[in-house]
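Hi there,

I'm passing this structure on to you, with my notes below it. Have a look at it first, then read on.

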Amino acid sequence: MAAASTYLSECARATAPGESRFRIRAAIAPARAARVIALDERAEGVANRLAGRGWRHARFYTNRSGRGPDGPGPSGELLLRELDGPFVRLEEVLTDTDVVVVLATEDGGRAAASAIGRLCGRKGITTAGVVLGDGFEAGDAVAALRPYARVLLLSADESDVFELLTALRV
């Protein structure tokens, strides 16, 4: 009969008192500032439904064709509209922002998606793209977001956006 081994398994060693000094004790902080940007009319409907859920760390915007009330913003800047609010320059929307979630259901927001992605990339802001719909109705939006989005989710179910925002702790 072989003698029982006196060695502890990896799991047993990891929970030993001497190993406690290596444990991370800080709580995972929620995102300080999340922005959800709808690129088209149907995506705006999704954003409106999501905004009604009372997120503490998220603000919701719409592209509304990427133009302000009187045409493009200064120097061709992208203007976004806060849901039921005023037009705001993209640069201002992204100030002190940690994560941006871009929603699309069709190809109409390609230019806005590209502008958002480029600026988020320059500022080091994590960008997630969610393309909602059956088939490839938003192929241009996917192509515009692909170079910039760390997460690119294609889904026919808008509840996936809720789950993504929950996972991001907004």
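Is Asp84 buried or exposed? Asp84 is exposed, because its relative accessibility is 73% (buried means under 20% relative accessible area, exposed over 50%, and partly exposed in between, with a 1.4 Å probe and protein chains only).

Before the rest, some ground rules. This is a predicted model, where local features need pLDDT of at least 70 and side-chain atom pairs count only at pLDDT 80 or more, while totals for chains, interfaces and linings use all residues. Residues are numbered from 1 along each chain as its sequence is written, and side-chain values use heavy atoms, with hydrogens and water left out.

**Backbone**

Most residues other than glycine have a negative phi. Asp84, however, has a positive phi, near 55 degrees, and lies in the loop between strand E3 (79-82) and strand E4 (87-89). Asp96 is not a glycine either, yet its phi is positive at about 60 degrees. You will find Asp96 in the loop between H3 and strand E5 (99-104), and with a relative accessible area of 61% it is exposed. Helices (H or I, at least four residues) and strands (E, at least two) are DSSP runs, numbered from the N terminus.

**Aromatic contacts**

The count comes to 1 aromatic pair. Trp55 and Phe162 form it, tilted, at 5.4 Å centre to centre with 55 degrees between the planes (rings of Phe, Tyr and Trp, the last by its six-membered ring, pair if their centres lie within 6.5 Å; planes under 30 degrees apart are stacked, over 60 edge-to-face, the rest tilted). The pair joins distant parts of the chain, 107 residues apart: Trp55 is in the loop between helix H2 (41-51) and strand E2 (58-62), and Phe162 is in helix H6 (residues 159-167). Trp55 is buried at 16% relative accessible area, whereas Phe162, at 25%, is partly exposed.

**Largest pocket**

Its lining consists of Glu77, Leu78, Leu90, Glu91, Ala115, Arg118, Leu119 and Arg122. Helix H3 (90-93) and helix H4 (110-123) each supply at least two lining residues, and H4 gives the largest share, 4 residues.

Happy exploring!

Conventions: 1 Å grid on protein atoms, 1.4 Å probe; cavity = no way out; pocket = protein on both sides within 12 Å on 5 of 7 lines; lining within 4 Å.
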